[in-house]
Amino acid sequence: MSLHPSVAAVRLPVRAGLADLDAAEAVAVACSGGPDSVALASAAVFEGHKRGLRVVGVTVDHGLQDGSADQADRVVRLLAALGVDETLTARVAVDPGSGMGPEAAAREARYAVLEQVATHLGAVRVLLGHTLDDQAETVLLGLARGSGGRSLRGMRPGFGVFARPLLGVRRDDTVTACQVEGLEVWDDPHNHDPGYTRVRVRRRVLPVLEDELGPGVAEALARTAEQLRDDTALLEELADGLLDRARREGGLDVATLAGAPPALRHRVLHRAVLEAGSPAAEVTRGHVLEVDRLLVDWRGQRWIDLPGPRRAARRDGLLVVGPA
Ligand SMILES: Nc1ncnc2c1ncn2[C@@H]1O[C@H](COP(=O)(O)OP(=O)(O)OP(=O)(O)O)[C@@H](O)[C@H]1O
């Protein structure tokens, strides 16, 4: 019997994503029980074992919903049935006082614990099930917020120990792959709650765009992200150099930075403000442009107030950002 195209669509990038690992190394799959990460786990077991890798599962129970412990147990059983070598459930309490929204706080806590558990299990990589649809939604959400390249570049295919091998795979394929493999997946009620902007983008906005503009819109949005990733990588590299120098010299050299193109100036200033301790969620483009005026349109202003509270000021040819 030939392989179903959706199963092949999921396995192919997983195989490619494991190709650099040596036999007997371990890879972890982060599984929520939803179709994306279940299809991912199935493909990882198949492709990983073929290469002699140990494949371990990790599921995180945030305890945010009733029955979440049962849900975690179901994922553990499902992963065992798939043939995963070992699965751990990590229970994480989300800090309500973190200043982040509950979703962002849960995500932050999840990545931290996934990395710890993976290390504990001896895994050199942690696979996440984000798909091309997730990427397209991220780009659309960013566009609607007026975000710059750093947001519109979307999710990275890899960062630290994490890898997202399904970033080029449509969600329809993960869902179909689970169906044809007879895998019972969890239908997260959050994914139906129109109170979430992402859910509305997924269920209402993207389908309209695909109807009106033709299929391939999601792929096009994902390509936008990819192109911006290249552009922003160059910008980040240049910014790194200027920020390294600023750390050595106790501030950003005004003459050098004032002569730099706006895209680079703004990037450097944004990062300098965050490094000085202004909370990311509170720093707007308006703040960055105001600090920029200290460089390119200086009319003797003494300092600029920033969230934190922090303050940016010119001092002896340097631009310094620090506590107010
Ligand atoms: N509770 C969890 N435990 C382990 N991994 C998780 C958990 N929640 C999310 N992940 C990982 O992060 C990826 C993206 O999560 P997100 O919440 O965006 O999607 P999801 O709706 O949970 O997707 P899926 O269809 O895989 O369940 C998942 O595919 C999975 O790899």
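Q: Where is the place of Pro309?
A: In this predicted model, Pro309 sits in the loop between strand S8 (304-306) and strand S9 (310-315).

Q: What makes the peptide bond between Gly308 and Pro309 stand out?
A: The bond is cis, with omega at about -10 degrees. Most peptide bonds are trans.

Q: Why does Ala24 count as exposed?
A: Ala24 has 9 C-beta neighbours inside 10 Å. The cut-off for exposed is 12 or fewer, so Ala24 counts as exposed.

Q: What is the phi of Asp316, and where does this residue lie?
A: Asp316 is not a glycine, yet its phi is positive, about 50 degrees. Asp316 is placed in the loop between S9 and strand S10 (318-323).

Q: How do you know whether Asp316 is buried or exposed?
A: Within 10 Å of Asp316 there are 8 other C-beta atoms. Exposed requires 12 or fewer, so Asp316 is exposed.

Q: Why is Gly34 called buried?
A: Gly34 has 21 C-beta neighbours inside 10 Å. Buried requires 20 or more, so Gly34 counts as buried. Gly34 is in the loop between S1 and H2.

Q: Which residues does the UniProt annotation "binding site" cover?
A: The unreviewed UniProt entry lists Ser32, Gly33, Gly34, Pro35, Asp36 and Ser37 under that name.

Q: How many residues surround the ligand, and which are the closest?
A: The ligand is surrounded by 17 residues, and the closest are Ser32, Gly34, Asp36, Ser37 and Gly129. H2 and S2 are the elements that give two or more residues to this shell. By class, the shell has seven polar, six nonpolar and four charged residues.

Q: What makes S1 and S2 a strand pair?
A: Five bridges join strand S1 (residues 26-30) to S2. Pairing requires at least two bridges, so S1 and S2 pair; they run parallel. From S1 the chain passes through helix H2 (residues 35-50) to S2, in a right-handed β-α-β crossover.

Q: How do you know that S2 and S3 are paired?
A: S2 and strand S3 (residues 86-91) share six bridges. At least two are required, so the strands pair, in the parallel sense. Gly57 stands opposite Thr87 in S3. The chain goes from S2 through helix H3 (residues 68-82) to S3, and this β-α-β crossover is right-handed.

Q: Why is S2 called largely enclosed by the rest of the structure?
A: Strand S2 (residues 54-61) has eight residues, and six of them are buried, so S2 is largely enclosed.

Q: What domains does the assignment give, and what is the separation of their centres?
A: The domain assignment of the protein chain gives domain 1 (5-219) and domain 2 (250-323). Taken over C-alpha atoms, their centres are 37 Å apart.

Q: What does UniProt list for residues 252-314?
A: The unreviewed entry gives "domain: tRNA(Ile)-lysidine synthase substrate-binding" for residues 252-314. Over residues 252-314 the chain is 49% helix and 16% strand, with the end C-alpha atoms 9 Å apart.

Definitions and conventions. Residues are numbered from 1 along each chain as its sequence is written. This is a predicted model: local features need pLDDT of at least 70, side-chain atom pairs count only at pLDDT 80 or more; totals for chains, interfaces and linings use all residues. Helices (H or I, at least four residues) and strands (E, at least two) are DSSP runs, numbered from the N terminus. A crossover is right-handed if, with the strands pointing away from the viewer, the path from the first strand over the helix to the second runs clockwise. A residue is near a molecule or strand if its C-beta atom, placed from the backbone, lies within 6 Å of it. Ala, Val, Leu, Ile, Met, Phe, Trp, Tyr, Cys and Pro count as nonpolar, Asp, Glu, Lys and Arg as charged, and the others, Gly among them, as polar. UniProt positions are given in the numbering used here, feature names are shortened, and annotations may be inferred rather than shown by experiment. Domain bounds come from an automatic or database domain assignment.
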